Amino acid sequence: MLEALEVSKVFAGNRALDAVSLRVDPGEIYCLLGANGAGKTTLVNLFLDFLEPTSGEVRINGRSVAEHPTECKRDVAYIPETVMLYGVLSGYENLKYFASLATGERHARETLIGLLKEAGLDPAAADRRVSTYSKGMRQKVGIAIALAKNAKALLLDEPTSGLDPSAANEFGRLMKQASERGVAVLTTTHDLFHAKQTGTRIGIMKQGHLVESLSSEDISHSDLEALYLRHMSA
């Protein structure tokens, strides 16, 4: 579903990505670990067509993002570290607006409220202004927008950063629910515990290289931590 094929990206002589290859199949949650500047966000931005690769190719659902940008955008939803919503609008109104932009369709109120509830938002909060929402509540509206779009793939950039442990755990549960519906999930994180608990596969990036890629079932949390620290100190 999501494929990076020997992808490199150079900014003013700085190689942010160096021949990175990975694949995320439907139903998989691929967690990318790495320090700031490792290239995680750059890779996500290539899938989103925010950037063009210097070499190599990224594909979504078998299509080249460079050659079929519009079709590829229809298949993905993006949730950044901070979901940008209109603070003067309610959660329901934000979802109504962004869902119509994403799908070109009008949705019934009960359908949208149902999506917010499915995303974990208390229906009682649906008509409150988003300016009163916590970060975790904003993230749930972002998930509801992805649900409305019926995206085949989710791209997430540090989605649990700044969330308390309970909210981060709930967000991980929602990611697993998406994967159970066959959605391919690629997420970046600094949180080794979250990666181990949530991911089906884990990648470690360092200075633009994917230095490790493994099944989360094949490694314990303590061994993952040791492996990560070994790569970071090398």
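What radius of gyration would a compact globule of 234 residues have, and what does the chain have?

1. The model under review is predicted. For 234 residues, a compact globule would have a radius of gyration near 17 Å. The chain has 18 Å, which agrees with that expectation.

2. Taken along the principal axes, the box filled by the C-alpha atoms of the chain is roughly 50 × 40 × 30 Å.

3. As to secondary structure, the chain contains eight helices and 10 strands. Of its contacts with a separation of 6 or more, 67% are between residues 24 or more positions apart.

4. On burial and surface, 48% of the 234 residues in the chain are buried.

5. Regarding charge, the chain carries 26 positive and 29 negative side chains. The centres of these two sets are 5 Å apart.

6. Ser179 belongs to helix H6, which covers residues 165–180. Is Ser179 buried or exposed? Ser179 is buried because its relative accessible area is 12%, whereas the cut-off for a buried residue is under 20%. When residues up to four places away in sequence are not counted, Ser179 touches Gly27 and Ile29.

Conventions: Residues are numbered from 1 along each chain as its sequence is written. This is a predicted model: local features need pLDDT of at least 70, side-chain atom pairs count only at pLDDT 80 or more; totals for chains, interfaces and linings use all residues. Side-chain values use heavy atoms; hydrogens and water are left out. Helices (H or I, at least four residues) and strands (E, at least two) are DSSP runs, numbered from the N terminus. The radius of gyration is taken over C-alpha atoms; the globule rule is 2.2 Å times the number of residues to the power 0.38. Buried means under 20% relative accessible area, exposed over 50%, partly exposed in between (1.4 Å probe, protein chains only). Contact means heavy atoms within 4.5 Å. Lys and Arg count as positive and Asp and Glu as negative; His and the chain ends are not counted. The place of a charge is taken as NZ of Lys, CZ of Arg, CG of Asp or CD of Glu.
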